[in-house]
Amino acid sequence: MSVAAKETTRLVAEISGLSIAYRSGVRDVPVLRDVSLSLGAGEALAIVGESGCGKSTLASALVGHLRTGSRVTGGSVRIGGEDVLAGDARTVRTLRRQQIGFVPQNAGHSLTPSMRIGAQVVEVLRATRKMDKSAARAEAVRLLAQVRLPEPDVLVDRYPHQLSGGQQQRVAVALALAGAPRLLVLDEPTTGLDVVTQAGVLALFSSLRAELGISLVMVSHDLGAVSAVCERVAVMYAGRVVESGATEAAFRLPAHPYTRGLLSSVARIAAPGLPLGMPGSMADTLTSPGCVFAPRCEFAQESCTEGDPPELTPVEGEDAPRFSACLRLPEVLAAPAWEAQVRPPRTRERGEPLLQISGLTVDYRRRPDPRTGPTVSDVDLTVHRGEVVALVGESGSGKSTIAWTIAGLRRPTSGEITLDGGADLTRTAARRDPAVRRQLQLVFQNATTSLNPRRTVGDAVLRPLRLRGLRGEAAVAARDRVFEDVGLEPGHAERYPAQLSGGQQQRVGIARALAGGPALVLADEVVSALDVSIQASVLRLLDDLRDEHQLGYLFISHDLAVVRALADRVVVLYLGRVCEEGPIERVFSGPNHPYTRLLMDSALATEPGMTEALVGSEDEPESAPPAAGCAFRNRCPQRVEGLCDHETPPWQDLGAGHRIRCHVPVEIGART
Amino acid sequence: MTNLALRVRPRRLSLPARPSLLIGLFLVGLNVVVALAAPLLAPYSPTQPNALDAIEGSSSAHWLGTDQLGRDVLSRVLYGGRYAMLISLSAALLTVVLGTVLGCLTAYRRGWFDEVLMRLLDSVLSVPAILALLVVVTALGSGASVIILASTVVYCPALIRVVRAAALSIVGLDYVTAARARGEGFWPIMVREIWPNILDVVLVEFAMRASWITLLVSSLSFLGFGANPPTPDWGLMVSENRSLLTVVPLATIAPIVALATLIVGLNLAADGIAKARGIDRITGGLR
């Protein structure tokens, strides 16, 4: 065997010059263009980029799968020396069975709902490793333990729906590991998980690598998740790799303007200020000649828009090899640090109290149950004019319940909600005065489902204007003004939602809310479904609009970094109970409630550029609040037995409106 | 430039040319036109007996021959769709309108209203359609309005269920929530938000129900409970002439073929609408 051949077999995966296109009508639309990457044994490679950059296509190409309608137009993918895209079905199956484990994006959908978890793992073991029944079952329990699932011998007999999202993800990993693969391909493995769960799953990947010496390819849009697990990164834009190299170096000193733009689009938990991001979106640039990124690039010059796209060239003077496809490499490297690309927080006058909630309790239970308490209990909250109050918590913390109650879509069990000092908001929307309804508008998380697909977006914005009594010319003029406010063109009004990009759709959602002429905007996870560069621009838009219109926001989010970028005050919820509230910078400088600290630590660990070892928490979120005592006690590291489980914790005032609801005195808690 | 391009796009439902859809619409259209223009097209009176020419095969005078009373089969076939189509189309229309409103309402209201209505519909659904119709016709007579109302009652429950299921997936979406939050009532929400999104289901249901009711009405006529002799009606014609199948086969086959074109046409149209609505630009517009 020649030296070169040995070199090839040592590589676990080798992608060379891979191009994939799908057929749309009569045209071939390229998805991947000339992608070359290699992965050695035990290495972890991240593939990052925004939606539409081709990263998922690349992930499925790695397991020899092409979506219907797409075909390989050049290049190859070799796993352990074998070409997975050229081989016949039997070879590819053997290869997948023996070499590759694949963890798909949504584990909840990839597990068979009617089969016990153990049976699903056993099925794989019997097929791939030819184990007999009892050996396979024992191995299944061992695998479930390996992915750090609690009580694996009980869990094997559970059904997928009995597990939480994070646990389902771990089962999917166990399934992928069952064939003892050399390569694990992870497609967006933590998207949709809560921040604490996410940190735990990421920590699992790191430790599996260390234990099994397995190679990882992780596809993600989340730069933070990637830097916590993978030491190598490839940044993709419009089907090409634009930068590749060591993750740490690439995130510290990006060598391509797109990497730089991505990094400066991510809201950071470690520092205040709104991310500046980059202009435009990928869809606008796909057909540009020369470098595809040039139209959005702050470094672009005339030569960038001519000729062939720039090739990957090595970045000089670094220990690990790094490549960037940019003609302006020296200028990019010499540019000021991307961390400085923020809009610093403005100091603002806080207006009159707008929304006042006191003692809000919402109970979903049909009949009284002595073991649990109401979903939302005793929540006090105030939003002033021109102020952004963030409501933070994991899924199931009651954030959306509170928002829906305020919006009048659900009736509170008890408590007071008033708007502007007078109007009673405990009534449902249909019973409110139209003037009151108008003052309160909703913006939703999912831009796609928040717009009627069969009505033009102009129509969606006209409707609230009509309800305000505007007709004809006046309404159209008002619509165009609102469109301008949110950065859309009047011409967009005639389009249907599917003809707009995700960011534009979210802008329409905001425009619809503005058209109502609100004083208070309920924004429910409005940026969490968006790509980071779009996210940054929507955040800036929200920030501008509140100054222009003196809007108060109740900003609901699970993302502490986004909250720090936009909010003035933050309220932390756990299982429908407020555990901490205060001005944003005070909360972020601590001391904190143990739950807030858990959230912050988890979020901080997955900040892009953080290289500290991830310490995953084994915690799984709980689903039902207890009837008495502190809701967080089961997960709390500083629990006081006999106190926390019986008595509701008292408020501790830390000054300037920062308060914490905990039995343990803050000074003591902060030290542990 | 871009503005111009946007303006020329059709705003309303556009059905791309699909062979199955076009054939279906053509067959249905043909049947409707023939039924409307029957007085102009028919060479003889459809009801006038002529004992001298009874039971004749195909000839230049009678293209499709004559039946046992000497009536021209071609004329009877041309007229024969009128009764069935009038009843089935109006019954289908009534079913669809009533079913859509009730289906949307029950999906929107949920709670006890949904519960009561659904159990009520279950009880109607548990009776076979033809049996229920026979009972109604026996009790109330076989007038057109009785049959229309009876088939509406018989077919509405299934439609309400289908529409309810389609609407349920819509009422939970954020744009409906947004409408409710701005205080809109049931009618504007149904007309503006729900209806356009379940239109595909409704259109398909309409075409399907129309073909089922046509079959049902023809079955009734065949059994002697629908159209009364000497009304020219396909179902009745089959019933009258089946004993002569070996002597003048065309008298039985011609109305069957005519009925088949209508049913197949309605089904093809339903299929085509479903497919066309599924891939139109609203759901995949960006491509």
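Colleague: What makes helix 20 of chain A "mostly covered"?

Modeller: Of its 14 residues, 14 are buried. A residue is buried if 20 or more other C-beta atoms, placed from the backbone, lie within 10 Å of its own, exposed if 12 or fewer do, and partly exposed in between. Helices are DSSP runs of H or I with at least four residues, strands are runs of E with at least two, and both are numbered from the N terminus. This is a predicted model, in which local features need pLDDT of at least 70 and side-chain atom pairs count only at pLDDT 80 or more, while totals for chains, interfaces and linings use all residues. Residues are numbered from 1 along each chain as its sequence is written, and chains are lettered from A and ligands numbered from 1 in the order in which they are written.

Colleague: How do you know that the length of helix 20 of chain A is close to what is expected?

Modeller: Helix 20 covers residues 502-515 of chain A and reaches 20 Å from its first C-alpha to its last, against an expected 20 Å. The expected span is 1.5 Å times one less than the number of residues. Just after this helix, G517(A) takes a positive phi of about 70°.

Colleague: What makes strand 6 and strand 12 of chain A edge strands?

Modeller: The open, mixed sheet has 8 strands in the order 6-7-8-3-9-10-13-12. Strand 6 (100-103) and strand 12 (313-314) each have a single partner strand, so one side of each lacks a neighbour in the sheet. Two strands pair if DSSP finds at least two bridges between them.

Colleague: How do you know that strand 10 and strand 13 of chain A pair?

Modeller: Strand 10 (residues 240-246) and strand 13 (residues 323-324) are joined in the antiparallel sense by 2 bridges, and the pairing rule asks for at least two, so they pair. In strand 13 of chain A, S324(A) is the bridge partner of E243(A).

Colleague: Which value agrees with calling chain A a compact globule?

Modeller: The radius of gyration of chain A is 26 Å, and a compact globule of 672 residues would be near 26 Å, so the two agree. The radius is taken over C-alpha atoms, and the globule rule is 2.2 Å times the number of residues to the power 0.38. Of the 672 residues, 50% count as buried.

Colleague: How do you know that chain B touches chain A?

Modeller: Residues are in contact if their C-beta atoms, placed from the backbone, lie within 7 Å. By that rule, 22 residues of chain B are in contact with 29 residues of chain A.

Methods: Contact = placed C-beta atoms within 7 Å.
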